[in-house]
Amino acid sequence: MKVQADLSRLSIRRAVRQDLPRLLELIADDDLGKNREGVGSEEACYAEAFERITADDNQFLMVAELDGRIIAMQQVTFIPGLSRKGSTRAMIESVRVDGYLRGQGIGHWFIQQAIQLARERGCQLVQLTSDKKRIQAHRFYGSMGFTASHEGFKLQL
């Protein structure tokens with residue numbers, strides 16, 4: 001049974017080390033994550049990655065809380081560049097909303113928080129990538145004004 005979220009009770013903050021187990025739960029809370037991540041484990045690689053992220057001023061690992069419980073996460077990376085007249089862009093990654101609360105406007109609200117943070121940091125562009133299999137996510141991002149303007153490429157190392 002889905003619980004209706006009251007968006008006025010949501011808050012955001014920067015993630016802290018104690019949040020890591022919950023963040024890993026959120027990351028593994030979909031088909032792609034279940035097959036790619038160490039569900040339920042807190043391997044040293046995750047702790048090391050968390051420390052690298054939080055030590056970098058160009059990273060903001062954001063969590064959303066509802067009544068003191070983390071219900072969403074996303075990582076915002078600020079990328080200074082020479083193109084676009086030396087503009088800075090914000091890259092949004094690892095967007096996750098608790099499965100029990102999806103479809104209630106939380107994702108829209110949460111992405112808006114990242115966009116506002118990007119504005120505050122002087123970014124001229126916000127970008128994100130989404131796995132080609134996440135068709136619902138593509139519709140969601142399109143409804144927020146994001147356009148599929150580029151084709152992405154990856155090389156596994």
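Predicted model: local features only at pLDDT ≥ 70, side-chain atom pairs only at ≥ 80, totals over all residues.
**The chain as a whole**

- Reading from the N terminus, the elements follow the order β-α-α-α-β-β-α-β-α-β-α.
- Of the contacts between residues at least 6 apart in sequence, 64% join residues at least 24 apart.
- The chain has an accessible surface of about 10100 Å², and carbon and sulfur atoms account for 52% of that.

**Helix 5 and what covers it**

- The buried residues of this helix are Ile106, Gly107, Trp109, Phe110, Ile111, Ala114, Ile115, Leu117 and Ala118.
- Cover for those buried residues comes from several elements, including strand 1 (10-14), strand 2 (59-66), strand 3 (69-80), strand 4 (88-97), strand 5 (125-128) and helix 6 (135-143).
- Just past the end of helix 5, Gly122 has a positive phi of about 80°.
- Arg121 places its charged end over the ring of Phe78, 3.9 Å from the ring centre.

**Aromatic rings**

- The structure contains three aromatic pairs.
- One of them is formed by Trp109 and Phe110, which are stacked, with 6.4 Å from centre to centre and 10° between the planes.
- Both partners in that pair, Trp109 and Phe110, are buried.
- Tyr141 and Phe146 make an edge-to-face pair, because their planes stand at 75°, with the ring centres 6.0 Å apart.
- Tyr141 counts as buried because its relative accessibility is 11%, under the 20% cut-off.
- Phe146 also counts as buried, at 18% relative accessibility.
- Ring pairs join Phe140, Tyr141 and Phe146 into a cluster.

- Helix 3 (residues 44-55) has twelve residues and reaches 17 Å from its first C-alpha to its last, close to the 16 Å expected at 1.5 Å a residue.
- Tyr46, Ala47, Phe50 and Ile53 are buried in helix 3.
- Looking down the axis of helix 3, these buried residues fall within an arc of 125°, so they line one face of the helix.
- In general, an α-helix has 3.6 residues a turn, so residues three or four places apart point the same way.
- On the face of helix 3 turned away from the buried side you will find the exposed residues Ala44, Arg52 and Ala55.
- The buried residues of helix 3 are covered by elements including helix 1 (20-27), strand 2 and strand 3.

**Leu61, a buried residue of strand 2**

- Leu61 lies in strand 2 and counts as buried, with 6% relative accessibility.
- Not counting residues up to four places away in sequence, Leu61 touches Arg13, Arg14, Ala15, Leu23, Phe50, Ile53, Met73, Gln74 and Gln75.
- Two residues in that contact list, Phe50 and Ile53, are among the buried residues of helix 3.
- Leu61 and Phe50 are eleven residues apart in sequence, and their C-alpha atoms are 8.9 Å apart in space.

**Two buried loop residues**

- Asp19 is found in the loop between strand 1 and helix 1.
- With a relative accessible area of 8%, Asp19 is buried.
- Setting aside neighbours within four places in sequence, Asp19 is in contact with Arg13 and Ile70.
- Gln104 is found in the loop between strand 4 and helix 5.
- With a relative accessible area of 12%, Gln104 is buried.
- Gln104 and Asp6 are 98 residues apart in sequence, while in space they are 8.9 Å apart, C-alpha to C-alpha.

Terms used: Residues numbered from 1 in each chain as written. Heavy atoms only, no water. Buried < 20%, exposed > 50% of the residue type's maximum accessible area, 1.4 Å probe, protein only. Helix = DSSP H or I, 4+ residues; strand = E, 2+ residues; numbered from the N terminus. Contact = heavy atoms within 4.5 Å. Areas by Shrake-Rupley, 256 points an atom, 1.4 Å probe, with all protein chains shown as cover. Phe/Tyr/Trp six-rings, centres within 6.5 Å; stacked < 30°, edge-to-face > 60°. Lys NZ or Arg CZ within 6 Å of the ring centre and 35° of its normal. Expected span 1.5 Å × (residues − 1). Arc of directions from axis to C-beta.
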